[in-house]
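Colleague: I am new to this structure and would like a close look at one part of it. Could you walk me through the enclosed spaces inside it and the elements around them?

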Amino acid sequence: MQESGYDYLTTYSIERATPDILILGSSRAVNIFNTGIVETQTGLSCYNAGRYGEPVFYHYAVLQAALKRYTPKMVILSFDAGNFNKGLEAYDRIAVLLPYYENHPEIRPIIALKSRYENIKLLSKIYPYNSLLLPIITGNSRYSKTKYITQKGFIPIGKIFSGALQTYDYTKETSLDSTKIDIYRSFIKDCVAAHVQLHIVCPPYMIHAIGTDPSITEAKKIAAQYHVEFLDYSNDTAYTAHPLLFADYRHLNSTGVEVFTRSVIAKIHN
């Protein structure tokens with residue numbers, strides 16, 4: 001069993017974490033939502049259960065496992081531009097959930113989305129761990145235990161952005177994945193049904209955007225149908241005009257995180 005590393009954090013998120021406030025999302029959740037600030041401002045316990053590079057399938061699986069154990073007071077879902085874009089990578093990434101298939105029936109329908117053959121492959125006790133040997137070894141190493149020191153799942157980035165402002169054209173035709181959209185909708189519906197206060201937040205990008213990201217547009221529309229707040233900072237000039245707040249074009253640095261987390265929590269916590 002791993003004692004540290006990404007898979008250790010996933011195990012903790014799926015099997016043990018019971019915070020008042022649960023944060024979910026990709027690296028933009030992990031690196032941008034400061035759990036210490038959240039706890040100080042709200043007086044509630046908080047855990048950042050985001051994971052680098054993971055799409056909506058992973059977030060929904062962790063939510064399902066959490067709701068089976070307890071009911072959080074609040075869930076914050078960090079939403080990324082392009083979350084609903086078609087592509088196989090998101091399905092490949094479901095592999096990180098394979099080790100939890102046997103003991104967590106609540107996430108089996110999500111794992112089944114990986115491929116039509118998953119149920120057959122999972123008859124093998126070895127298959128779920130085929131790609132995890134190296135992560136398990138490195139997760140127990142002294143290097144990993146130093147590298148993966150987190151603040152209740154939050155990992156700050158100290159560097160300062162030094163690149164040029166990127167232009168991104170969202171007006172180019174993009175195909176959206178209906179399965180990803182359905183899972184996102186289920187995420188919202190399950191929070192509403194469990195009477196969990198849900199806030200969906202898209203943190204800022206250090207970009208000049210042309211048009212609006214289709215995924216964000218669709219996500220806002222669905223959230224509104226369930227009267228769920230969607231805070232869109234993706235192209236907010238309060239941040240994009242200040243490159244010293246960023247570590248790279250996708251992530252705020254420690255200074256930016258403090259400004260952003262305080263602002264978001266002040267807005268959503270009454």
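Modeller: Happy to. Let us begin with helix 1, which gives four residues to the lining of the largest cavity, the largest share from any source. Please keep in mind that this is a predicted model.

The largest cavity has a volume of about 100 Å³. Its lining is made up of 14 residues, and those nearest the centre are Tyr6, Leu9, Val30, Gly50 and Arg51. Helix 1 is joined by strand 2 among the elements that supply at least two lining residues each. Sorted by class, this lining holds eight nonpolar, five polar and one charged residues.

Helix 1 itself covers residues 6–15, and threonine 10 is part of it. Threonine 10 has a relative accessible area of 0%, so it counts as buried, the cut-off being under 20%. Beyond its neighbours within four places in sequence, threonine 10 touches Arg51, Tyr58 and Tyr100. Arg51 in that list is also one of the residues nearest the centre of the largest cavity.

Now to strand 2, residues 46–48, which pairs with strand 1 in the parallel sense over three bridges. At one place in this pairing, leucine 22 is opposite tyrosine 47 of strand 2. Cysteine 46 has 2% relative accessibility and is therefore classed as buried.

Strand 1 spans residues 21–24 and is covered on both faces: Ile21 and Ile23 are buried on one side, Leu22 and Leu24 on the other. Strand 1 also runs parallel to strand 3, residues 74–78, with four bridges joining the two. Here leucine 24 has leucine 77 as its bridge partner.

Leu77 lines it together with Val56, His59, Ser78, Phe79, Asn83 and Tyr184. Two or more of these lining residues come from each of helix 4 (56–69) and strand 3. By class, the lining has four nonpolar and three polar residues, with no charged ones.

Asn83 takes us on to an open space. The largest pocket has a volume of about 400 Å³. Among its 20 lining residues, Gly53, Pro55, Gly82, Asn83 and Glu89 are the closest to its centre. Its lining divides into five nonpolar, eight polar and seven charged residues.

Note on methods. Residues numbered from 1 in each chain as written. Predicted model: local features only at pLDDT ≥ 70, side-chain atom pairs only at ≥ 80, totals over all residues. Heavy atoms only, no water. 1 Å grid on protein atoms, 1.4 Å probe; cavity = no way out; pocket = protein on both sides within 12 Å on 5 of 7 lines; lining within 4 Å. Points joined across faces, edges and corners; volume = space filled by probe spheres on them. Nonpolar A, V, L, I, M, F, W, Y, C, P; charged D, E, K, R; others polar. Buried < 20%, exposed > 50% of the residue type's maximum accessible area, 1.4 Å probe, protein only. Pairing = 2+ DSSP bridges. Contact = heavy atoms within 4.5 Å.
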